[in-house]
Amino acid sequence: MDRDLIRERLEGAVLTAMDAACSREMAWGHDDCALWCADAIAPVVGYDAAAQWRTGYKDRAGAHAALGNLGLGYALKRTASKHSWERIAPKDAQPGDVGLAMMLYQGKPSAVTVMCRARGWFVGRNEMGFTALQAAQVRVCWSVLGAPESMAAAA
């Protein structure tokens, strides 16, 4: 499938996720930051990038336990490797690409999964909707489509 068409579909998926986030409170183990991003891109990329972390946890401590001692950053790195995501500069991200940022949760810095909304902008799930942040606030990012060569091999 054409990369431009896939990007259009990812952009639509991000917008749909943003709309849905505004209609309900975040729920740990259902649509927290990582699961929200994975759920948004799954219909387009054809797999659940967070499948191994869907363990039925119900709070932040459960999310940390599901991720393991090395935490969210390592979990994202493993996911990127498993699905051949290419590491890119956050400023080069396109809709649907996934990143890691630090945001405040209950007044304390916390690593969160975010996804690109548009060049230069990312969104992340929060308790009552989503938060928009500039690419400069994203520490690391991956193209969920991988390198162009890997897309040609998958087609």
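Helices (H or I, at least four residues) and strands (E, at least two) are taken here as DSSP runs, numbered from the N terminus. The model is a predicted one, in which local features need pLDDT of at least 70 and side-chain atom pairs count only at pLDDT 80 or more, while totals for chains, interfaces and linings use all residues. Residues are numbered from 1 along each chain as its sequence is written, and side-chain values use heavy atoms, with hydrogens and water left out.

We can start with the overall picture. Five helices and six strands make up the secondary structure of the protein, and their order from the N terminus is α-α-α-α-β-β-β-β-β-β-α. The radius of gyration is 14 Å, close to the 15 Å that the globule rule gives for 155 residues, so the protein is as compact as a globular protein of that length. For this comparison, the radius is taken over C-alpha atoms, and the rule is 2.2 Å times the number of residues to the power 0.38. Along the principal axes, the C-alpha atoms fill a box of roughly 40 × 30 × 25 Å.

Contacts are counted between heavy atoms within 4.5 Å. Among the contacts with a separation of 6 or more, 63% come from residues 24 or more positions apart. Burial is judged by relative accessible area: buried means under 20%, exposed over 50%, and partly exposed in between, with a 1.4 Å probe and protein chains only. On this scale, 45% of the 155 residues count as buried. The protein exposes about 8,100 Å², and carbon and sulfur atoms supply 54% of that area; the areas come from the Shrake-Rupley method with a 1.4 Å probe, and for residues only the protein chains shown count as cover.

As for charge, there are 17 positive and 16 negative side chains, and the centres of the two sets lie 6 Å apart. Lys and Arg count as positive and Asp and Glu as negative, whereas His and the chain ends are not counted. Each charge is placed at NZ of Lys, CZ of Arg, CG of Asp or CD of Glu.

Helix 4, spanning residues 71-82, includes Thr79. Thr79 is buried, with a relative accessible area of 5%, and beyond its neighbours within four places in sequence it is in contact with Ala49, Trp53 and Trp85. Gly73 also belongs to helix 4, but is partly exposed at 27%. Between Gly73 and Lys58 there are 20 Å in space, C-alpha to C-alpha, for 15 residues in sequence. The loop between helix 4 and strand 1 (86-88) holds Ser84, a partly exposed residue with a relative accessible area of 46%. Most residues other than glycine have a negative phi. Ser84, however, has a positive phi near 60°.

Two strands are called paired if DSSP finds at least two bridges between them. Strand 2 (residues 98-105) and strand 3 (residues 108-118) run antiparallel and are joined by eight bridges, with Gly99 opposite Val114. Two residues lie between the strands of this hairpin, in which Gln106 takes a positive phi near 50°.

Strand 3 also pairs with strand 4 (residues 121-126), again in the antiparallel sense, over three bridges. Here Ala118 stands opposite Trp121, and Cys116 stands opposite Phe122. The two strands form a hairpin with two residues between them, and Gly120 in the turn has a positive phi of about 90°.

Strand 4 in turn is joined by six bridges to strand 5 (residues 129-134), the two running antiparallel. Across this pair, Phe122 faces Leu133 and Val123 faces Ala132. A hairpin connects strand 4 to strand 5 through two residues.
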